[in-house]
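I opened my notebook for a first look at this structure. Come along as I jot down what I looked up.

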Amino acid sequence: MTLPQSLQQAATRASETSALLQDPSAQRLANKPQLRRYEVCSLLPNGSLSETRHIAPALPLFEDAFCAFTRGSLVETSQGPIAVEDLIPGDEIQTQDGGSQTLVWKGCTSLVPSREDAKGRSHRLTSFMADSLGLQKPMSCVVVGPSARLLRRPQQNGYLSDDGLALPPILTPAEEFQDGMNIFETAPPTVVDMFHLCLPQHAVIKVGGLEFETYHPGPEALKLVSYAIKTLYFNLFSHVDSLKDFGPLAYDRVASPSPDQLIG
């Protein structure tokens with residue numbers, strides 16, 4: 001994919017015209033979507049790094065690509081645990097299946113979790129205290145964002161389907177693990193840096209000793225969006241040209257949001 005010379009100008013032009021609001025869900029809103037700055041570091045095909053800044057709508061479609069892990073989260077790599085902010089595309093990330101994949105994309109944005117946006121959405125975080133999910137799970141406190149999904153293994157907890165079979169592992173939003181005691185919601189009133197990671201194939205990786213998924217938009221994420229939104233979205237990713245390029249999901253997800261929720 002060829003990156004435009006000025007993504008900020010492209011986003012500004014889109015936000016100043018009706019094209020940005022041609023999505024059915026956006027047309028139902030009284031206010032235009034607010035814009036947010038997103039920072040991306042990508043591994044290019046020639047092995048060099050590309051660092052870009054983007055201006056795009058603060059919609060779930062975009063925010064989900066950035067709001068998984070907070071600064072200081074330790075990601076397991078072939079060189080040992082590395083803080084997410086210090087990862088560089090090209091690093092080898094350890095995956096849950098015992099192998100590794102090359103980090104090809106890292107996204108970052110900054111937000112205030114306690115502050116609601118124009119549509120009343122907040123970006124509250126989930127805090128996992130040490131050992132809240134078992135011995136050394138996590139090894140120390142882990143704080144994740146609203147787009148983080150954790151691999152739940154029902155068979156380890158004795159959960160069975162209606163026909164008595166063990167349920168398969170499933171990717172579950174981190175907020176669903178909140179118990180109000182060892183795993184709880186937190187909403188700092190100050191700016192928090194958020195990150196997400198993308199590998200060549202969707203995978204589960206260890207962050208602070210817990211199994212989280214890497215970024216994948218989902219197979220129907222762009223089903224209802226306009227051409228302008230699609231253009232802004234794919235400008236974030238130099239290694240893909242379509243949703244198919246993200247590959248299949250490594251595991252099923254719990255109640256994935258519908259496309260109109262993602263864009264509205």
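**A glycine in a loop, then some charged pairs**

I began with glycine 180, which sits in the loop between β12 (170-173) and β13 (183-186). A reminder to myself: this is a predicted model. I checked the accessibility of glycine 180 and got a relative accessible area of 61%, so I noted glycine 180 as exposed.

Next I turned to charge. Side chains of opposite charge can pair when their charged atoms come close. How many salt bridges does the count come to? I wrote down eight.

I looked up arginine 53 with glutamate 39, whose closest N and O atoms are 3.5 Å apart. Arginine 53 is in strand β2 (residues 49-57) and glutamate 39 in strand β1 (residues 35-43), so this pair ties together parts 14 residues apart in sequence. Arginine 53 is exposed at 55%, while glutamate 39 is partly exposed at 28%. I also found Arg37, Glu39 and Arg53 linked in a network of salt bridges.

Then I went to arginine 149 and glutamate 213, a salt bridge with closest N and O atoms 2.8 Å apart. Strand β11 (residues 149-152) holds arginine 149 and strand β16 (residues 210-213) holds glutamate 213, so the bridge ties together parts 64 residues apart in sequence. Buried or exposed, I wondered about glutamate 213? Glutamate 213 is buried, at 2% relative accessible area, and arginine 149 is buried too, at 14%.

Note on methods: Residues are numbered from 1 along each chain as its sequence is written. This is a predicted model: local features need pLDDT of at least 70, side-chain atom pairs count only at pLDDT 80 or more; totals for chains, interfaces and linings use all residues. Side-chain values use heavy atoms; hydrogens and water are left out. Helices (H or I, at least four residues) and strands (E, at least two) are DSSP runs, numbered from the N terminus. Buried means under 20% relative accessible area, exposed over 50%, partly exposed in between (1.4 Å probe, protein chains only). A salt bridge is a side-chain nitrogen of Lys or Arg within 4 Å of a carboxyl oxygen of Asp or Glu.
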